[in-house]
Amino acid sequence: MRTSLLHVSSDFSCTALCERAASSTNRCGARHFVAIATMFLLIASSSAAQTLSPPTGNVLLVVRGAIDTPNVGDEAHFDDVLFATLPQHGFETRTPWDDGTQRFEGVLLKDVLAAAGARSALIDAIGKDDYRASLSDIDLERYAVLLAFRQNGSDLTLRTLGPLRIMFPFDDAPEFYSQSYMAAAVWQLVAMEIK
Amino acid sequence: MERLYIAISSVAALICAALVFYLMFQINNTRLTLEADGVTEFNFIQQSDHNFDSFAIELMKWQQRALIDPDTPRDFTTRYDILWSMLFMPRAQWTGSLSELPETREMIATSREFIIDIEPLMKPNARIGASDIEYMVKTAKELGTSVYQIGLGLYQAKSALRDDISERMDRLTGAFWFFGASLVVAGITLFSSLTSAYRRVSSLLRESSTAQRQLASALEEVTDGDIERRKQNRFIATASHDLRQPLHALGLNLATLRRHVPSTLGRRILDNASRSTEALNQLLSSVLDVSRLDAAIIEVKRSDLSLDEIFEQLRRTFTPEANERGLALDVSLSNLVVHCDRVLLERILANLVSNALHYTRQGSVSLAATADEQEVVISVKDTGPGIPERERAAIFDEYYQMETPDGTRTAGLGLGLSIVHRLSQLLDVGLSVDSNSDGGTRFDLRLARGSSSMLELPVVQPSAGCRDAIRFDGLTALVIDDDRDVREGMHLLLEEHSCRVMTAESASEARAAIVAEETIPDLIIADYRLRDDQTGAAAIVEVREEVNEDIPALIVTGDTSPTRLREASASGFRLLNKPVVPDELFAAISELTGRRT
């Protein structure tokens, strides 16, 4: 199911509400409804369009395409400072590639896209090794799809499949083990294109 | 039961079809899985190859740029890090089945060695010579190629497998359609054969029930006809029996009366009366004959007979009648001998002659015999109206009478020819009838020749005149009969012939009479049907027991029913039928007592 990301104010309490509404591992339908309701509420109360401050350090991620809040030309560049402004998130899960439970920390992908002002849900993720995968069929609202930069307390590097990595909470749903999800768990992420 | 078989086979067929379906479904799934599978490996192959290539390209680009600007950023290190992560990060899961291949493990091992080898050159300020670059580029390209080869091999293997499965799927689908079609054909054939079998069975059932019904009705008809006929015969037999008693008495009385009639006219009248009685007698005899034939109690005693004798007897018997009718009776003697039963043959010929006389208005009736080597043919010819062809078979039926020339009914019951027919069958002699178109009938009887050396001595028949001469002096006869007139008649007749007579109604009366008169009779003459359902045979036995002597006995019976005749015959006593011909009675008495005058 596609998520249409709407204009949401950068009201932290509101986003926190959203996060709390959606972050729970309980997949009750009522919670989903609450998330959507919150979003509608926020749309109603949205005021001026937000802006994104430009990066100051090493650019870790570039978001291009149909976005509303670019900060470098018509692209939204993110560095670790900008990532720090977004709500921090994390979870523990097993993965198809590692042994045992891993702890990942980062930001929610949907928050990043919201910050960039992505206008559509047609997203491509591009890795440093020129690998490209489509995230269009991923429900970013339903599950806590993470943009991870720490694994088991250590920062990710290129050699450890970082510095940014898309991670799914594999333990939460068995469908993550399908080809489409596993192909979308892009590591060594450098860019995202919004169509 | 059939339905059960049909049900079972249908279910079995359905199960087979379902199994085939299931198999196809599974195989298709495998094919799809196989198609989908390999994406992981393919990704890995693609990515690995690309990574090696990119590393080589970046190295070469840097080499170019570094000639101009030695501080060109070392972008190739990024590529190196990527390679490093590819080779050293645990990822068994995403190499998929590749990890099992020895080529993969070898490639990974070699690559790892290479990566570790060149790590020093990836340090920020490491000195990289042209040969280093050359080496790195060459090795990277080699490794990329090997990855590609692995991928190619895998792809081919997977494709081949997929194609194989597809082919199998196609074959299976073909087989399935064929199976389905043959199943349908088999089903239709089975169904149609069952239907036709069922139809055949039901038509057969219908036919058989129709046949059964027809058979049953035919049987009914026959039985009814049979029953009817038997009823008729029984009726006639009963009626005859009731008629016989008075006839018997009449005959006895007339015989006795003769002596007491002085005038010639009186005696002539008496003769007329006697003849009438005789005629009645004949009629009843023919009915008796039929009964006896029905009862099958007639014994055939064959012997060599002189035809001349028999013919002579017939002439004597029938000449009066022929004269009366104004017909000539021609009897030709032939000196021939036949082998046959005397009594029965006489009966046949008597019936034929009598019949001929009845149906001829004028002219003659002739009796003659001819012979060849083996057979004798006796012919009875008449100059009557003849028998039309269509009636020639019917004349031998019981009660059948042809129309006389003057339209009147003849005397008789129509049994004569039927008796002739049945007797001829019993004797196994050939009987045929022929007629001329202008009238005249001829009956032919074919018999076996006999040898003259074995001729039987003729039984002397006492003539009417001789009869009076028979005397039974000193003979005491016991007559047991429940009919008073018969008793009287017998009494008178026997007394005429000097016979002493004791009469009784029943066995007990007889015994009482014996005791009272203190006389043991020399002969017992008993009626078969006595009062209180006692049989004459039983009465005789009782009397014999009483006197403790085996007194000679004979039974006289008016019964014509076959059963009674059989019983009477089975009793072992000499049997005479009512109305008794006095001559026969005397002959029997003579035989039994050994007395004659």
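Predicted model: local features only at pLDDT ≥ 70, side-chain atom pairs only at ≥ 80, totals over all residues.
# Chatting through a two-chain model

Biologist: Noted. And H4(A) itself, which of its residues are buried?

Modeller: A:Leu109, A:Lys110, A:Asp111, A:Val112, A:Leu113, A:Ala114, A:Ala115 and A:Ala116 are buried. That's 8 of the 8 residues in H4(A), so the helix is largely enclosed by the rest of the structure.

Biologist: Which strands do those buried residues pack against?

Modeller: They pack against these strands of chain A: S1 (61-65), S2 (76-78), S4 (101-108), S7 (146-151) and S9 (165-167).

Biologist: Let's talk cores. How many residues are in the largest nonpolar core?

Modeller: There are 49. The ones with the most contacts inside that core are A:Leu109, A:Ala116, A:Val145, A:Leu146, A:Ile166 and A:Val186. Helix H4 of chain A (residues 109-116) gives this core its largest share, 6 residues.

Biologist: What does A:Leu109 touch, leaving aside its neighbours within four places in sequence?

Modeller: A:Leu109 is in contact with A:Leu140, A:Val145, A:Leu146, A:Leu147 and A:Ile166.

Biologist: Back up a bit. How many helices and strands does chain A have?

Modeller: Chain A has 5 helices and 10 strands. Its length is 195 residues, and 37% of them are buried. Take the contacts in chain A between residues at least 6 apart in sequence: 62% of those join residues at least 24 apart.

Biologist: And what about chain B, how many helices and strands there?

Modeller: Chain B comes with 16 helices and 12 strands. Of the 597 residues in chain B, 28% are buried. For its contacts with a separation of 6 or more, 74% are between residues 24 or more positions apart.

Biologist: Let's stay in chain B. At what angle do H9(B) and H10(B) pack?

Modeller: Helix H9 (residues 342-359) and helix H10 (residues 416-427) of chain B pack at about 150°, and their axes are 9 Å apart. H9(B) and H10(B) are therefore roughly antiparallel to each other.

Biologist: Is the crossing of H9(B) and H10(B) left-handed or right-handed?

Modeller: Left-handed.

Biologist: Which residues of H9(B) and H10(B) meet?

Modeller: From H9(B) you have B:Leu344, B:Arg347, B:Ile348, B:Asn351, B:Leu352, B:Ser354 and B:Asn355. Facing them from H10(B) are B:Gly416, B:Leu417, B:Ile419, B:Val420, B:Leu423, B:Ser424 and B:Leu427. By class, that contact has 8 nonpolar, 5 polar and 1 charged residues.

Biologist: Another pair, then. How do the axes of H13(B) and H14(B) cross?

Modeller: At roughly 25°, and the axes come within 9 Å. H13 covers residues 507-517 of chain B, while H14 covers 536-547. These two, H13(B) and H14(B), are therefore roughly parallel to each other. Here the crossing is right-handed.

Biologist: Who makes the contact between H13(B) and H14(B), and what classes are they?

Modeller: H13(B) brings B:Ala507, B:Ala510, B:Arg511 and B:Ile514. H14(B) brings B:Ala538, B:Ala539, B:Glu542, B:Val543, B:Glu546 and B:Val547. The contact residues divide into 7 nonpolar, no polar and 3 charged.

Definitions and conventions: Residues numbered from 1 in each chain as written. Chains lettered and ligands numbered in written order. Core = buried A, V, L, I, M, F, W, Y, C linked by C-beta atoms within 7 Å. Buried ≥ 20, exposed ≤ 12 C-beta atoms within 10 Å, placed from the backbone. Helix = DSSP H or I, 4+ residues; strand = E, 2+ residues; numbered from the N terminus. Contact = placed C-beta atoms within 7 Å. Axes fitted to C-alpha atoms, helices over the stretch in contact; angles between N-to-C directions. Parallel < 35°, antiparallel > 145°, perpendicular 65-115°, else oblique. Left-handed = near helix turned anticlockwise from the far one by under 90°. Nonpolar A, V, L, I, M, F, W, Y, C, P; charged D, E, K, R; others polar.
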